[in-house]
Amino acid sequence: MSSQTRRKERIDRGIKVRSEGLYALMSWREMAYLILPRFMLIAGLLCLPFLMPGMYWQRVISIVCIYAIVAISFDFLAHYVGLVCLGGAFFIGTGGYIAGIFNAYFGMPPVLTIPLAAIAGGAFCTLLLLPCLPLRGVYFAIVTLMYPLFMARIIEAFDIFGGTDGILGIDSFPSAFVEQYFVVGILLVFVFGLRRLVTTDMGLIFTAVMDNDQAVRASGINITYYKAMAVFIASAMGCLAGACLTHIYMWSGISQFALDFSILPIAATVIGGAGTLVGPVIGCLILVPVSELLRDFGTLRIVFYATILVAFILFRSDGIMAFAKRKYEQIERWTQI
Amino acid sequence: MLEATDLMVFYENMLALNNISISCRDNQIVGVFGANSAGKSTLMYSLSGIMLDIRKKEKMAGGERITLTGQLTFQGKDIMDMKPSDRARAGIVLCPERRRLFKESSVMENLRIGGYLATKAQARESLDYVMTLFPALQKMTKRLAGFLSGGEQQMVAIGRALMAQPKILLLDEPLMGLSPLMQATLIRAVKKIQEQSDISIIVSEQYARPVFPIVDYAYILENGAAVMEGTREELMDNPDVKSAYFGMS
């Protein structure tokens, strides 16, 4: 240690400074720095349905996008508002059932049921979570973990909405093409929309609520209102994903309240990079196909899964996205002390 | 007793400690003075080894890369790579900035945690010593540490550090945010610790005046470098020091 005469230093490439705001317009190169990474994400996601071999893998892409939407809603709530919400399954299930009910019982087309499920489901979830908003940290997490179980048992016990069989005979999307591009499009809108939202004044308040809610209250801001707002945004996203899922499977049932929808998005957020909003999408793009590939191993799938997760938390707890961002913006070299 | 040579700490590319060499002899009180961002806390963390912990944590989270070089010897042994827990066992005990008490625990529990490494007899003895040093604590052993006043909390923090049987006590800004009266009480207590035991003390502070009368030797840090050092008398006579750290011209 004491004989150490060199250290690795990190030098900023200046990409961030040169490509921020108006400066980006200075030259094509600056604009390329700014646009290329985002373009790669958009183009990559839009090309995916074409690149997939066969119907099965195209369906996997839709599922990836559904998980990704839930994952970014989790990332938004956990790392920009400070509410660790394990209720992904709650949102998916609520949205799925609302879409199913309106489609199967009232004959509404998917064009209407999906937005309806997003708004009504978001309002319903927010209403149920409203009493829990003053809770922080692990308490909020536990409460949100209980809600999906609660809903599933209610449906099972009272035998409503098809009971354990679920709601059958729901319309599907007009074609596989429409289905995939609809979810990919929604995902892209949400990713860039949320990134925009967190930089607005409202996003600033959300972040402030996470950092120090007493200080926010002392500034004369009603934090419950803003927390409810954030929960509504996140749950509406989750419900919309759930509605899409219902129309993809043409069925909605209590397995939509399964724990998978709560856990996988969190795993994807950890792997992709917490607090980046793009990270969870990348995490889902890795995790969901891996989980499909591991299907041959049966129950051992979960073991592989858990191993990957633990390894990531131990060795790369900042996630892929933060790592890639640093490599993109900085160079490293050895210097003499 | 404790000797640091050419200590350098980088936070990423920022040089927080620049070639600092300080030493503290047996039963001496050494003062480390400097403004905010001068490197006082970094120095304290490096001496107590917490810096190794911070470095590991930052590395795991992919945060700042911390580089630490130099030599550090304690009682003739090299301790540069020693873990903070081992250093505490060896007798280097830090009383951290902003006190860092266990806020949800009572005063007595806080003190007992400090005495975790000591034998039962030692712990009882040091507990008695802390209680005689800070008589004010006798009446509030059952109260929660988080609800004490700043001065009382600082007493608990110093008491907790003393319970760990230190050979050298590192006090990081013990007077932060306290009234002049409380400052005087604490400083008298620190002086008493030195007189009544063979503990060496390194104390860091921004404003030198309340601490200065008790220090034997002092270092003045500026931007991570030790710009001046000397005994109390030498520094007292220095006009630069007077104006900058005592508010006298």
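This is a predicted model: local features need pLDDT of at least 70, side-chain atom pairs count only at pLDDT 80 or more; totals for chains, interfaces and linings use all residues.
**Domain contact in chain B**

I found 13 residues of domain 1 of chain B in contact with eleven residues of domain 2 of chain B. I then looked up which elements line the domain 1 side. Two or more residues each come from α3 (84-90) and α7 (180-196) of chain B. I noted that α7(B) gives the most to that side, with five residues. I also sorted the domain 1 side by residue class. I got nine nonpolar, two polar and two charged residues.

**Domain bounds in chain B**

I checked the bounds next. Domain 1 of chain B takes in 2-91 and 166-245. Domain 2 of chain B runs over 101-165. I read off the distance between their C-alpha centres as 23 Å.

**Nonpolar cores**

The largest nonpolar core has 85 residues. I asked which residues have the most contacts inside this core. They are I69(A), L187(A) and L240(A). I then looked for the element that gives the most to this core, and it is helix α3 (residues 54-81) of chain A, with 16 residues. I also found a second, separate core, with 69 residues. L7(B), I20(B), L127(B) and A157(B) are included in this second core.

**L240(A)**

I went back to L240(A) for its contacts, leaving out residues up to four places away in sequence.

Notes
Residues are numbered from 1 along each chain as its sequence is written. Chains are lettered from A and ligands numbered from 1 in the order in which they are written. A nonpolar core is a set of buried Ala, Val, Leu, Ile, Met, Phe, Trp, Tyr and Cys residues joined through C-beta atoms within 7 Å. A residue is buried if 20 or more other C-beta atoms lie within 10 Å of its own, exposed if 12 or fewer, and partly exposed in between; C-beta atoms are placed from the backbone. Helices (H or I, at least four residues) and strands (E, at least two) are DSSP runs, numbered from the N terminus. Two residues are in contact if their C-beta atoms, placed from the backbone, lie within 7 Å. Domain bounds come from an automatic or database domain assignment. Ala, Val, Leu, Ile, Met, Phe, Trp, Tyr, Cys and Pro count as nonpolar, Asp, Glu, Lys and Arg as charged, and the others, Gly among them, as polar.
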